[in-house]
Amino acid sequence: MKEFGYQRASDVAGAVALLGADPEARFLAGGTNLVDLMKTGVERPARLVDVRQLPLDRVESTPEGGVRIGATVTNSDLAAHPEVRGRYPALTQAVLAGASGQLRNMATVGGNLLQRTRCGYFTDVTRPCNKRRPGSGCPAVEGEHHNHAILGASEHCVAVHPSDMGVALTAFDAVVSYETADGPGELPLSEFYLPVGDTPHRETALPTGALITGVTLPPAPVAARSRYRKVRERASYAFAIGSIAAALDVRDGLVREARLAFGAVASRPWRARTAERVLTGAPADAETFAAAADAELAAAEPLPHNGYKVTLMRNLVVALLTELAEETDR
């Protein structure tokens with residue numbers, strides 16, 4: 001591990017100023033991803049700016065009926081919060097599915113959104129990787145890629161984003177708040193992650209030196225009837241090979257509103273808007289659910305060893321929406 005400096009920030013403005021004064025510095029909160037990457041040499045910051053003690057650790061209801069989540073709220077506290085459990089149960093389920101209890105006690109909301117891919121070529125500094133060294137190549141295209149992207153990838157990168165939390169936040173139109181030296185700003189989560197294209201090393205649209213201060217979930221009555229389903233290669237703590245956050249409002253046998261987002265299939269949490277359009281106004285039955293899944297997955301471009309994800313995601317959509325329809329059409 002490269003030698004690094006350490007400084008604890010006392011307020012948000014001070015944290016931003018510290019990072020602005022040192023382009024090779026990085027913010028540190030829980031460190032559950034960053035420190036691991038420092039150990040392997042993927043991340044080599046000259047200084048860590050500790051933001052864990054900043055007053056960004058609260059979950060609050062908004063006047064409009066949504067929820068605002070501070071950036072340093074731990075995953076454990078987020079999952080346990082009664083407002084989140086009641087209004088956005090899929091978010092609670094996603095967080096609980098995302099890591100061991102020990103990691104949830106340390107990991108933070110802001111850090112979760114910024115975690116890097118778990119692609120083995122990315123974490124192995126002896127191998128080429130366009131995320132680490134732009135232009136060096138993507139060996140996963142021809143190599144080990146059974147858990148890589150089937151949607152939105154490119155020849156330059158086929159890795160997936162590992163966040164479970166991000167999938168649920170994407171389904172419910174979360175907005176990310178941040179602070180820069182020029183003042184505060186906001187980014188809808190739908191615009192937060194950049195398409196892979198030919199610049200996979202540019203992962204988010206955050207301005208340089210920006211500090212995430214929170215995430216706001218707008219009011220969404222349909223979210224109270226939501227669920228998160230994750231498939232992984234073992235029952236214990238593991239990253240997803242496919243996941244879904246879904247919410248459904250069914251009245252008189254018809255879908256009035258649907259929210260759907262996929263995880264572990266793209267470089268970012270994937271909002272399934274095509275599927276949502278197929279679902280809205282249609283009968284809440286297995287035929288409709290399969291048609292919605294097929295419409296969304298028509299854009300899939302699987303590699304030789306991850307085509308199973310297309311079938312997996314189709315089956316997940318049908319199974320989970322069927323469960324939700326039976327619960328909500330009452």
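**Aromatic pairs**

I looked up Phe172 and found that its relative accessibility is 1%, so Phe172 counts as buried (under 20% relative accessible area; exposed is over 50% and partly exposed in between, with a 1.4 Å probe and protein chains only). The model is predicted, and I note that local features need pLDDT of at least 70, side-chain atom pairs count only at pLDDT 80 or more, and totals for chains, interfaces and linings use all residues. Residues are numbered from 1 along each chain as its sequence is written, and side-chain values use heavy atoms, with hydrogens and water left out.

I counted two aromatic pairs, taking rings of Phe, Tyr and Trp (its six-membered ring) with centres within 6.5 Å; planes under 30 degrees apart are stacked, over 60 edge-to-face and the rest tilted. Phe172 pairs with Tyr88 in a tilted arrangement, at 5.8 Å centre to centre and 50° between the planes. This pair links distant parts of the chain, 84 residues apart: Tyr88 is in the loop between α4 (82-87) and α5 (89-97), and Phe172 in the loop between α9 (165-171) and β6 (175-180). Helices (H or I, at least four residues) and strands (E, at least two) are DSSP runs, numbered from the N terminus. Tyr88 counts as buried because its relative accessibility is 1%.

Phe192 and Tyr193 form an edge-to-face pair, at 4.9 Å centre to centre and 90° between the planes. I noted Phe192 as buried at 0% relative accessible area and Tyr193 as buried at 6%.

**Second largest pocket**

Which residues lie nearest the centre of the second largest pocket? I found Arg118, Cys119, Asn147, Phe239 and Ala240 there, among 27 lining residues. A pocket is an open set of points on a 1 Å grid over the protein atoms alone where a 1.4 Å probe fits, with protein on both sides within 12 Å along at least five of seven lines; lining residues have an atom within 4 Å of a point. The elements giving two or more residues to this lining are α8 (120-123) and β10 (240-251), and β10 gives the most, with three.
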